[in-house]
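The sequence and the model follow.

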Amino acid sequence: MKTAMMLAAAMLLVSWCAAKAQEADIEAGATYAGEVCAACHAVLANEQHSPLPQAPTFQSVADTPGMTELALSVWLQSSHPTMPNIILEQDDMRNVIAYIRSLKSN
């Protein structure tokens, strides 16, 4: 029983360390959005209009009911007819998602 408890504790510690290593960086997400996404989308908080009218603002995306990290992840990995096929690295995607979610109005 003691061995099982030690093994469970070790697995929990490894999981926690892995999660900490993968924490998103909102500031890096904002920077990426400003460099890559801003050509089409309004990426700053409370911006009302995107440069490309059919591109939603990041604020409106953040405020969409049910817009979760998973929903954004699926959306960013899916092809869209009106969106260029941008392939984000996992860290960039995690950071952009964190940035978009940080814009959510209370």
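## Overall fold

The model is a predicted one.

The chain has 106 residues, of which 25% are buried. Its accessible surface is about 7400 Å², and carbon and sulfur atoms account for 61% of that area. When contacts between residues at least 6 apart in sequence are considered, 57% of them join residues at least 24 apart.

In soluble globular proteins, nonpolar side chains tend to be buried together. In this chain, the largest nonpolar core contains 16 residues, and Ala-33, Cys-37, Phe-58, Val-96 and Ile-100 are those with the most contacts inside it. At least two residues of this core come from each of helix H2 (26-37), helix H3 (58-62), helix H4 (69-76) and helix H5 (90-102). H5 supplies the largest share, 5 residues.

Which residues does Ala-33 contact, leaving aside its neighbours within four places in sequence? They are Ala-38, Val-43, Phe-58 and Tyr-99.

## Aromatic pair

How many aromatic pairs does the chain contain? The count comes to 1 aromatic pair. The ring centres of Phe-58 and Tyr-99 are 6.5 Å apart and the ring planes stand at 50°, so the pair is classed as tilted.

Because Phe-58 belongs to helix H3 and Tyr-99 to helix H5, the pair ties together parts that are 41 residues apart in sequence. Phe-58 and Tyr-99 are both buried, and both are in contact with Ala-33.

## Largest pocket

Rolling a probe the size of a water molecule over the atoms shows where empty space is left. The largest pocket of this model holds about 280 Å³ of space. It is lined by 19 residues, and those closest to its centre are Cys-40, His-41, Trp-75, Met-83 and Pro-84.

Which elements give two or more residues to the lining of the largest pocket? They are H2 and H4. H2 gives the most, with 3 residues.

How values were computed
Residues numbered from 1 in each chain as written. Predicted model: local features only at pLDDT ≥ 70, side-chain atom pairs only at ≥ 80, totals over all residues. Heavy atoms only, no water. Buried < 20%, exposed > 50% of the residue type's maximum accessible area, 1.4 Å probe, protein only. Contact = heavy atoms within 4.5 Å. Areas by Shrake-Rupley, 256 points an atom, 1.4 Å probe, with all protein chains shown as cover. Core = buried A, V, L, I, M, F, W, Y, C linked by side-chain atoms within 4.5 Å. Helix = DSSP H or I, 4+ residues; strand = E, 2+ residues; numbered from the N terminus. Phe/Tyr/Trp six-rings, centres within 6.5 Å; stacked < 30°, edge-to-face > 60°. 1 Å grid on protein atoms, 1.4 Å probe; cavity = no way out; pocket = protein on both sides within 12 Å on 5 of 7 lines; lining within 4 Å. Points joined across faces, edges and corners; volume = space filled by probe spheres on them.
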